[in-house]
Amino acid sequence: MAFSEFRPLDESSLIEYIKAVPSLSEKLGNKFHDIKIKEVGDGNLNFVYIVVGSSGSFVIKQALPYIRCIGESWPMTKERAYFEAVALRKHGQLCPNHVPDVYHFDRTMSLIGMRYLEPPHIILRKGLIAGIEYPLLADHVSEYMAKTLFGTSLLCNSTTVHKASVAEFCGNVELCRLTEQVVFSDPYKVSEYNRWTSPHLDHDAEAIREDNILKAEIAELKTMFIERTQALVHGDLHTGSIMVTQESTQVIDPEFAFYGPMGFDIGAFLGNLMLAFFSQDGHAVEGNDRKAYKEWILRTIEETWNLFHKKFVALWEQKKEEGPGEAYLPGIYNNSEVVQLVQSKYLSQLLHDSLGFGAAKMIRRIVGVAHVEDFESISDPTKRAACERPALELAKLLLKERRNFKSISQLISAIRQIQ
């Protein structure tokens, strides 16, 4: 441990810190004369430094005791760094191809040292705004979700292991409470932090606050979010938490990780793809109407769920042979008919959960506190609102009607009808 008490690091003190930590200094070959450090934390919460030397590189992420994008007026526990490090390591064990390695964790300094995802890796959201297709995205993200969600659930583990893990991650309550506020509460009431494209969406925001059916549905999802300890979820799996190239997909930033409903992760990813879809008309230019790209996004949504479904069931079948988890004991689920019955019911419920949580994430990104660059980078407010409104309409439809969706293809049809 390089320092005995917490202090925010800057570029100068970071070098001294690295020199004092063997697991980091060795990554640079113990050569410090040519180190280049760049602070790139464009998110809402943390400092993020890229450290590059002639013999190696890594990223340093340090949690601050407040929300960076708002300031010290909104305190936030820096203990979130601990849960992020634990989640990165656990998810990395289950899905090493799509989670960056952790080299170092310092709980006192709330600091993680991890693999630097070098160029041409970029944040997926920026790639979607630029109209770049990623042919392996659905395959990679579905693998990540299937392996991490199945592998931390009672489909795979004993009750004893599961409850011990749940108990540990109950400590991340402050970030869960932040999610409860900004996703499930603020958009449905008057809140000082809410904002939207005004005056264009004034009526739309008001309609959400006055929709009793919508409020009843979001209450059900909030309750599920709080009570259901189904798996170790990433907790913030949007397109800003994934870095990509044409061949590589890496999931980062699981500081919101906790034991919750699987559909919260799946819904976050699918919901952000839907936001990207509806933003495309605002990024169209002469000679590129983005129509073909919108079709690619729809295929990616459909393929992500279908591949996830296939891989999740395959893991379930494999685990039956190895020795199953506690949820479905082989002495009871002892023939193919009953196994198919419970799998079908499980995945059907998971689709409905995912659609609901995805819808909640969409609404909060349009009328809540933290918006997405997909829409925010559309400078013309009239054009931006014209993209946001159908996204809101779809999200309200999904929240209210999600239980009527039997397949992902029905979601694609609903998107086409409302665009």
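Colleague: How much space lies in the second largest pocket?

Modeller: The second largest pocket holds about 200 Å³ of space. Keep in mind that this is a predicted model.

Colleague: Which residues line the second largest pocket?

Modeller: Val166, Phe169, Cys170, Val173, Cys176, Glu180, Phe225, Ile226, Thr229, Phe258 and Tyr259 form its lining. Sorted by class, they come to 9 nonpolar, 1 polar and 1 charged residues.

Colleague: Which elements each supply at least two residues of that lining?

Modeller: Helix H6 (159-169), H7, helix H9 (212-227) and strand S12 (258-260) do. H7 has the largest share, 3 residues.

Colleague: What shows where empty space is left?

Modeller: The general idea is to roll a probe the size of a water molecule over the atoms. A cavity is a space where the probe fits but cannot get out. In this structure the count is 2 cavities of 30 Å³ or more. The largest cavity has a volume of about 100 Å³. Trp316, Lys320, Pro324, Tyr328 and Leu329 are the closest to its centre among the 13 residues that line it. Two elements give two or more residues to this lining, helix H11 (291-322) and helix H12 (336-367), and H11 gives the most, with 3 residues.

Colleague: How do the residues of the lining of the largest cavity divide?

Modeller: They divide into 10 nonpolar, 1 polar and 2 charged.

Colleague: What lines the second largest cavity?

Modeller: The lining consists of Ala87, Leu88, His91, Val99, Tyr144, His234, Val251, Ile252 and Pro254, around about 40 Å³ of space. Helix H3 (residues 80-94) gives the most to it, with 3 residues. By class this lining has 7 nonpolar, 2 polar and no charged residues.

Colleague: How many aromatic pairs does a search of the whole structure find?

Modeller: The search finds 22. One of them joins Phe47 and Tyr49, with 6.1 Å centre to centre and 35° between the planes. Tyr49 counts as buried, at 4% relative accessibility.

Colleague: Why is the pair of Phe184 and Phe264 tilted?

Modeller: A pair is stacked when the planes are under 30 degrees apart, edge-to-face when they are over 60, and tilted for the rest. The planes of Phe184 and Phe264 are at 35°, so this pair is tilted; the ring centres are 6.3 Å apart. The pair links distant parts of the chain, 80 residues apart, with Phe184 in helix H7 (residues 173-184) and Phe264 in helix H10 (residues 262-283).

Colleague: Are Phe184 and Phe264 buried or exposed?

Modeller: Buried means under 20% relative accessible area. Phe184 has 4%, so it is buried, and Phe264 has 1%, so it is buried too.

Colleague: Which residues form one aromatic cluster?

Modeller: Phe150, Trp305, Phe308, Phe312, Trp316, Tyr328, Tyr333 and Tyr346 do. Trp316 and Tyr328 were also named for the largest cavity.

Colleague: Where does the charged end of Lys27 sit?

Modeller: It sits over the ring of Tyr103, 4.0 Å from the ring centre. The charged end of Arg107 sits over the ring of Tyr82, 3.7 Å from the centre of that ring.

Colleague: Where is Ile50 found?

Modeller: Ile50 is in strand S2 (residues 46-53). At 16% relative accessibility Ile50 counts as buried. Leaving aside neighbours within four places in sequence, Ile50 is in contact with Lys36, Ile37, Lys38, Val40, Phe58, Val59 and Tyr116.

Methods
Residues numbered from 1 in each chain as written. Predicted model: local features only at pLDDT ≥ 70, side-chain atom pairs only at ≥ 80, totals over all residues. Heavy atoms only, no water. Phe/Tyr/Trp six-rings, centres within 6.5 Å; stacked < 30°, edge-to-face > 60°. Buried < 20%, exposed > 50% of the residue type's maximum accessible area, 1.4 Å probe, protein only. Helix = DSSP H or I, 4+ residues; strand = E, 2+ residues; numbered from the N terminus. Lys NZ or Arg CZ within 6 Å of the ring centre and 35° of its normal. 1 Å grid on protein atoms, 1.4 Å probe; cavity = no way out; pocket = protein on both sides within 12 Å on 5 of 7 lines; lining within 4 Å. Points joined across faces, edges and corners; volume = space filled by probe spheres on them. Nonpolar A, V, L, I, M, F, W, Y, C, P; charged D, E, K, R; others polar. Contact = heavy atoms within 4.5 Å.
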